[in-house]
Amino acid sequence: MNTSPQYAMGISMNREVSHITRVVLTPDGKLREPGMAIVSKKKYETLVLDQDTNEDVAFTRRGVPLIAQKSFEFQNREIFQYVIEGKKAKIVTKKTIDGERSFIENAASIKTGDAFSGILKFAIDEDEAIYGLGQQEQGTYNYRGVKEYLYQNNMQIPMPVFLSSKGYAILLDADCLMAYEEADNMITLNFDAVDQMSYYVITGDGFDALIAGIRELTGTAVMLPRWAFGYIQSRERYITQEDILATREEFEKRDIPVSCMVLDWKSWAEGQWGNKFVDKERFPNLKEMTDKLHEKDTAFMISIWPNMNKGCENNQEMMDAGKLLANLSTYDAFDPEARDLYWKQCERELFKSGADSWWCDSTEPFTPDWNGLEKRSEEERYELARENLTRYFDARKANNYALVHAKGIYEHQRASDNKKRVANLTRSGSLSIQQYGTILWSGDIMATWEVFRNQIAEGLSMCMSGIPYWTLDIGAFFAGSTQGFRRFCGVEEGEAPWFWHGLFEKGTDDFGYRELYTRWLQFGTFLPVMRSHGTDTYREPWYFGEPGTEYYDTIVDYIKLRYEMLPYTYSLAHKVEADDYTILRSLMFDFNKDINVREISGEFMYGPSYLVCPVTRAMEYGPENSKLDGKTTWKVYLPEGACWYHQKTKEVLNGGQNLEVEAPINWQPVFIKAGSILPLSKKCMKDGTADTIEVYEGQDGSFDYYLDNGVDYQYEEGNYALIPIRYEEKQKCVMLDDVEGNYSYPQEFDVKFFRLDGMVLVKHICYEGKGMRIDFHEINE
């Protein structure tokens, strides 16, 4: 393969592509290095075009047309930087819904360089679907006939990559803000600031291959600690360390498993916004608190912010080092020395006192539209974001603050203590952030059924963009509206801003919210990371009822189901790192030959086995405890090419059909694919140890059951156990192959064989690490 750059000769051309091809569009004939998100050191076939030889390029694979680049152009653009005028800054601190912010009244912009804005156009087929682009707000799944502005914002996490139902992906090598629009079979991309426009054409057999290509270019997604795949309890907010410990004790008292307790903002003393020292009056002994949590096998996550108010120690330290942006509050994460100092501030008290995980909030790090009663137009919101982000950052990399922030956390923690895996819950991100132990969450959403429904599509879009770990606030951040807003602000008058319009002012006292929350938690049980959080009303299970009531019992049952599935989920997490796998799977991953799934954004696969069909409509109650008709059926589509077992009844159903199934509040429709192999913990253990292997008759299947200590990085040195398990349909036999690795593994399992005729056969086995065969064909009841 010739990987030296090939310069186009000024005529329309066809380009046969295989795996990954790089295309560089240059304004001046110079070939520059890839941008910040591209970490691969491999040499790829490269096509270079300059604006004097601006011709169409039609890309094909195996002779089949994929996509055609139609035109591109550059325009001169100046780069500016915000600086402070005069010798002394005039700092104004304002309280906002999104935290306290500092503003400099005597700052101005100066020119620091020259670059270009760019426009790039692609022609696509009329009947193909386009996916990806990260997370937006509107629940768009197929990006045909829409315009999206790609900029970092609360509730928006853009990823400059899109996938096609035709089997290719386009990864845009750009770190700037941009806009995407598709109309009349033409995709138009507007780049705010670039030195060149560059993109990669990725091809492969199926979406898994395309995701592998994305991660080859942008980095492998590393393993999270095992606790991250359990149940995470958060709220806005626990006030004292006794609040946290008492809540943990209540979980234990009620026999409800929980893996992590989260401390939201304002852990610092009053007036010390963003200071990475806790308020000693409310948290007198942080180390003692984390020790008690760890004794209960519970991790501790704490919220940290990139901005620090004037007057606190962290701000002064950054100020003295000259590492703050021109607002004199937010540290410059693009500066490696600033990242060094930021980590020292995290480590000094929080990490040394036992913090296990970071909640990196507000990592855009500016949200200028997060105000006002009316939502601005999308174009106006984009311009506001562009004005603010490019004021402080080089416009050519203005979408990447969260990336370098996460990079600093990950690299420094690993260098400081390799005995604790990095877990960073971050509100923003960009391509390649998956390298840094990150979980992205969807921001401060509001509690409506429409938002809930949209979140499913947004999560699928994020995972189709190559980011494997995405989650949300189960039940939404804003449960209510005006009343909640007034309580939050401590006022008796005033209307809620545009983003704070949840339907449930009474919170958990409203049965309408209890129903919505329960359905949302059922969905969250099948996300890569399961996390409950929000304001307005508490989210712990006991606020939704008591034992014997339907909402409470259902919530507890699904939390326990999360732990029953932990051996399965954790094995998939290993596959994410080892094989570039995707856990939260659009139906396009596994059923792309089924034309019916192209527009289905309300169902997904959780790994290879579970078809999940969340209920996103109220059935029992509306807001204000209003009683509904109580109809509890839900329409589902079972993809063709497989048989499906009803999760509860084990009834076998053929694929390729629409069904209306009973979906009472205690069951979210889930179906198990024939041929599935599920390592499960019927005892709901938190250590990932399976005691049961379920196998479903109907077709051949395989699964690699994986476990390690779940805490550190010893698995990188071989301290893990992996047991390959196979099922052969013709022979009706299950085979466990030799164990790989040197970690301890369970030696006894109940193997449950679910037959198509409804029979369930069970064999108890002792496994000693050597290949063994379990036959079910001789049992013919």
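These are my notes from looking around this structure, which is a predicted model.

**Entry 1, the cores.** I began with the largest nonpolar core, which holds 218 residues. I wanted to know which members touch the most other members, and the list came back as W358, W520, F526, Y610, F671 and L736. I then picked L736 and looked up its contacts, skipping residues up to four places away in sequence. L736 touches I693, I723, P724, I725, F749, I765, Y767, K770, G771, M772 and I774. There is also a second, separate core of 34 residues, and V23, L25, I187 and V201 are among its members.

Is S198 buried or exposed? Its relative accessible area is 3%, so I count S198 as buried, the cut-off being under 20%. A polar atom of the S198 side chain lies 3.3 Å from the backbone oxygen of V23. Leaving aside neighbours within four places in sequence, I found S198 in contact with R22, V23, V24, L171, L172 and D173.

Next I checked the largest pocket and got about 510 Å³ of space. It is lined by 28 residues, and those closest to its centre are Y581, D590, P608, K673 and S702. Which elements give two or more residues to the lining? They are α12 (566–579) and β35 (701–708). The largest share, five residues, comes from α12. Sorting the lining by class, I noted eleven charged, ten polar and seven nonpolar residues.

Technical notes. Residues numbered from 1 in each chain as written. Predicted model: local features only at pLDDT ≥ 70, side-chain atom pairs only at ≥ 80, totals over all residues. Heavy atoms only, no water. Core = buried A, V, L, I, M, F, W, Y, C linked by side-chain atoms within 4.5 Å. Buried < 20%, exposed > 50% of the residue type's maximum accessible area, 1.4 Å probe, protein only. Contact = heavy atoms within 4.5 Å. Polar contact = N/O pair within 3.5 Å; in protein donor to acceptor, adjacent residues only side chain to side chain. 1 Å grid on protein atoms, 1.4 Å probe; cavity = no way out; pocket = protein on both sides within 12 Å on 5 of 7 lines; lining within 4 Å. Points joined across faces, edges and corners; volume = space filled by probe spheres on them. Helix = DSSP H or I, 4+ residues; strand = E, 2+ residues; numbered from the N terminus. Nonpolar A, V, L, I, M, F, W, Y, C, P; charged D, E, K, R; others polar.
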